[in-house]
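Visitor: I have a structure to look through with you. Please take me around it, step by step.

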Amino acid sequence: MLTSIAGRSVIVTGGSKGIGKGIAKVFAKNGAKVLVVSRTLSDAEATAEEIKAAGGTASGIAADVTKLDDTQAMAEAAQSRHGGLDVLCANAGIFPQGTIEELSPEDWDQVLDTNLKGTFLSLKACLPGLKASDQGRVVITSSITGPVTGFPGWTHYGASKAGQLGFLRTACLELAKYKITVNAVLPGNIKTEGLIALGEEYLQSMAQSIPLKALGEVEDIGYAALFLASKEAAYITGQTIIVDGGQILLESLDALK
Ligand code: NAP
């Protein structure tokens, strides 16, 4: 049994939907005070209301992680509403599809700005709060795509997700003196609004290529993040946990027989 996270103040960027919502719910279920962040205030507040209806503590805020002013406002809201800041789950991300031939420089920048620069700006803004905590934790949602695997149509996305790991390997060194740990969860294919939008054909063919024969649930990522945020994970930093149902292990589809 891990030491309870109850009473800890947690920010989840991209917490209104999908994996971020799963992370927010898992932390709240375990007693944390959760600030749900997304660009759309009504969605962030709706998720916070769902959490409160289930007995948890949460509030929502609109912030765009590509803007430093917004991430600073988000960090300040955690301080004023929840009395401090212990955990940043830097999860907000986008994954529009486009081959190199199709992508414009603006398409590229939008994905890198959200997924990679957004991780940097979120951590930068949260640093004063995390430094003041006796258990500062940063959990980044990266992906298998980029750090481990490739997928046509997602060069920009893969670059952003691999970039997050380059960022974390130095961030963890810079922050070690404050006893802040920085780790990442690398999801495989998780059933989210964003992934469902890719269509039934994508979801079905993907499930067939996973040894556990199913897409992951958002809570699967939530519990990996919860462990990395726990007191017991204090000596783990600069590391990654792959949560993918075994998907990256296949050398060929014959391995599934
Ligand atoms: P999703 O269902 O589309 O949700 C994305 C969340 O991020 C929403 O809350 C969205 O709200 C928010 N968001 C997007 N851009 C933002 C911005 N600039 N500032 C603040 N919030 C922003 O996506 P998901 O599938 O849960 O993905 C979440 C994370 O997991 C991403 O980092 C993604 O790369 C990673 N991931 C997902 C999968 C998967 O299978 N789903 C696999 C590997 C990795 P607004 O649009 O209202 O801002």
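This is a predicted model: local features need pLDDT of at least 70, side-chain atom pairs count only at pLDDT 80 or more; totals for chains, interfaces and linings use all residues.

Visitor: How many bridges join β6 to β7?
Guide: β7 covers residues 240–243. β6 and β7 run parallel. The number of bridges joining them is four.

Visitor: Which residue of β6 stands opposite Val139?
Guide: β5 spans residues 137–141 and pairs with β6 in the parallel sense over five bridges. Val139 has its counterpart in β6. That residue is Asn183.

Visitor: Through which helix does the chain cross from β5 to β6, and what is the hand of the crossover?
Guide: The chain leaves β5 and reaches β6 by way of α5, residues 155–175. This makes a β-α-β crossover. Its hand is right-handed.

Visitor: Why is β6 described as largely enclosed?
Guide: Buried here means under 20% relative accessible area. In a regular strand the side chains alternate between the two faces of the sheet. On one side of β6, Thr181, Asn183, Val185 and Pro187 are buried, and on the other Val182, Ala184 and Leu186 are buried too. β6 is largely enclosed by the rest of the structure because its buried residues number seven of seven.

Visitor: Which strands stand at the edges of the sheet?
Guide: The sheet is open, has seven strands and runs in the order β3-β2-β1-β4-β5-β6-β7, with parallel pairing. Each edge strand has a single partner, so one of its sides is left without a neighbour in the sheet. The edge strands are β3 and β7.

Visitor: By how many degrees are neighbouring strands of this sheet turned against each other on average?
Guide: The figure is an average over neighbouring strands. Direction is ignored. The value is 20 degrees.

Visitor: What is the bridge partner of Ser38 in β3?
Guide: β2, residues 33–38, runs parallel to β3, and six bridges join them. Ser38 has its bridge partner in β3. The partner is Ala62.

Visitor: What angle does the direction of α8 make with that of β6?
Guide: α8 spans residues 218–229 and packs on the sheet. It touches β4, β5, β6 and β7. The angle with β6 is about 165 degrees.

Visitor: Which residues are closest to the centre of the largest pocket?
Guide: The largest pocket holds about 1,100 Å³ of space. Its lining has 46 residues. Those closest to the centre are Gly93, Ile94, Phe95, Thr192 and Gly194.

Methods: Residues are numbered from 1 along each chain as its sequence is written. Side-chain values use heavy atoms; hydrogens and water are left out. Buried means under 20% relative accessible area, exposed over 50%, partly exposed in between (1.4 Å probe, protein chains only). Helices (H or I, at least four residues) and strands (E, at least two) are DSSP runs, numbered from the N terminus. Two strands pair if DSSP finds at least two bridges between them. A crossover is right-handed if, with the strands pointing away from the viewer, the path from the first strand over the helix to the second runs clockwise. Axes are lines fitted to C-alpha atoms, for helices over the stretch in contact, and angles run from 0 to 180 degrees between N-to-C directions. Contact means heavy atoms within 4.5 Å. On a 1 Å grid over the protein atoms alone, a cavity is a set of points where a 1.4 Å probe fits but cannot get out, and a pocket is an open set with protein on both sides within 12 Å along at least five of seven lines; lining residues have an atom within 4 Å of a point. Grid points are joined across faces, edges and corners, and a volume is the space filled by probe spheres set on the points.
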